[in-house]
Amino acid sequence: MGEKKGKAIIVGGSIAGVSCAHSLTLAGWDVLVIEKSSEPPARSPTGAGLGLDPQARQIIKSWLPRPHLLDEITLPLSIDQNQATDSEKKVTSILTRDEDFDFRASYWSDIHTLLFNALPQSMFLWGHKFLSFTMSQDESSVKVKTLVMETQETVEFQGDLLVAADGCLSSIRKTFLPDLKLRFSGYCAWRGVFDFSGSENSEIITGIKKVYPDLGKCLYFDLGEQTHCVFYELFNKKLNWIWYVNQPEPDLKGNSVTLKVTQEMISKMHQEAETIWIPELAKLMRETNDPFLNVIYDCDPLERIFWGNVVLVGDAAHPTTPHGVRSTNMSILDAEVLGKCLEKCGPNNLSLGLEEYQRIRLPVVSEQVLYARRLGRIKQGLDHEGIGGGGFSLEQRNMPFFSCAPLV
Ligand SMILES: Cc1cc2nc3c(=O)[nH]c(=O)nc-3n(C[C@H](O)[C@H](O)[C@H](O)COP(=O)(O)OP(=O)(O)OC[C@H]3O[C@@H](n4cnc5c(N)ncnc54)[C@H](O)[C@@H]3O)c2cc1C
């Protein structure tokens, strides 16, 4: 007789949550995803750009009925280039150039939509805020209490496994590690996506393509004095930029690492951009609608990422700074390894599966988080002594486990 199917409740319907929904379904589990946002994000495009490494792309393709769609919505990033900007002379010079990079660039909401649309919509409960959970004494089942945002009713669900995909401020993680605090990096990131569909030949686009001739295939890092920015093209005529600015820790209100920005803050950012970056880039920043500001955090590596039948994935398991272009790739790898471990051990041996997941993923993500931290502090001209990560180079390919992280 076959084993009874396990039921997984996943809290969080972002990249880690939808990825786990794929991998656990493939592993033979029933899945329910609980997400507090009222609807799938594609209906109100949000987020900005991200880079996908070859291993994560291969995994995503293995989940999709039409894998070629991933290539269609992403652009190649076959070059990783670091350059220095001389703010006074307004000239740039190349520091490193890796022409064998093999990442692809995507809009966050395009990847989310692609993954989400390939799953049964009945698997998702939007507008449900996770409130709390209780584990049975023998750790074989878990009850999850949620608040239905629209009606303010509370509803309970029961499962065999609780997957915390609720992001870097995870409230599920807090129940096990109440004293854990995220570490402010020392800087925030202005982010923007410039949409140039229909204006491909405008002055701003011809200007920017003249000074960044490899746009469309290059991940550009521009280093100024105690600051740096990242710049690359996305599918559908969009340019993605991120500019890291050293500052004291802002007072975060609410449960988000994105700050509300005022017109005054945006104007100040535009003025500062002109003093630092070459005029074409400063102009692009000025012309971008609705730039937003992320506070950059990470966290010292955790000692464990599962307790009983509750497991952490994605940013909940390893909040990281973005300098190693890792967080989305890590979420996809977490999901894949978790699915394979659970499939191998079966629902009756859940703890063995979770132990194996932790054994495989924890060493990898711990090293990657510390390396990204070091890379960020070096690029921002901040003290980086005593921060792990071993040898150092500006190039992305020196990230630990860059070419391949272990699977099951
Ligand atoms: C709207 C959005 C846009 C983003 N855009 C980008 C981007 O452009 N580039 C980039 O590199 N990264 C982006 N990120 C972050 C990126 O998704 C993560 O860094 C990484 O992929 C790990 O994802 P995650 O699923 O672990 O965490 P997150 O993406 O942070 O997702 C956590 C999810 O959990 C949900 N959640 C939290 N608490 C509760 C609760 N109590 N009840 C129910 N649901 C809850 C949140 O609403 C969210 O959907 C974005 C994240 C979000 C949510």
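The text below takes the annotated segment and then the cavities in turn.

The model is predicted. An unreviewed UniProt entry lists residues 304-367 under "domain: FAD-binding". Over residues 304-367 the chain is 58% helix and 8% strand.

Searching the whole structure for cavities of 30 Å³ or more gives 2. Their volumes and the classes of their lining residues are as follows.

| Cavity | Volume | Lining by class |
|---|---|---|
| Largest | about 60 Å³ | 8 nonpolar, 2 polar, 1 charged residues |

The largest cavity is lined by Cys299, Asp300, Pro301 and Leu302, by Ala317, His318 and Pro319, and by Leu362, Val365, Ser366 and Val369. Its lining holds 8 nonpolar residues, with 2 polar and 1 charged.

Around the second largest cavity, the lining includes Asp53 and Gln55, as well as Phe401 and Ala405. Arg326, Asn329, Met330 and Leu333 also belong to this lining, as do Arg361, Val364 and Gln368. Two helices, H9 (327-345) and H10 (350-379), each contribute at least two residues to the lining of the second largest cavity.

Methods: Residues numbered from 1 in each chain as written. Predicted model: local features only at pLDDT ≥ 70, side-chain atom pairs only at ≥ 80, totals over all residues. Heavy atoms only, no water. UniProt positions renumbered as here; feature names shortened; annotations may be inferred. Helix = DSSP H or I, 4+ residues; strand = E, 2+ residues; numbered from the N terminus. 1 Å grid on protein atoms, 1.4 Å probe; cavity = no way out; pocket = protein on both sides within 12 Å on 5 of 7 lines; lining within 4 Å. Points joined across faces, edges and corners; volume = space filled by probe spheres on them. Nonpolar A, V, L, I, M, F, W, Y, C, P; charged D, E, K, R; others polar.
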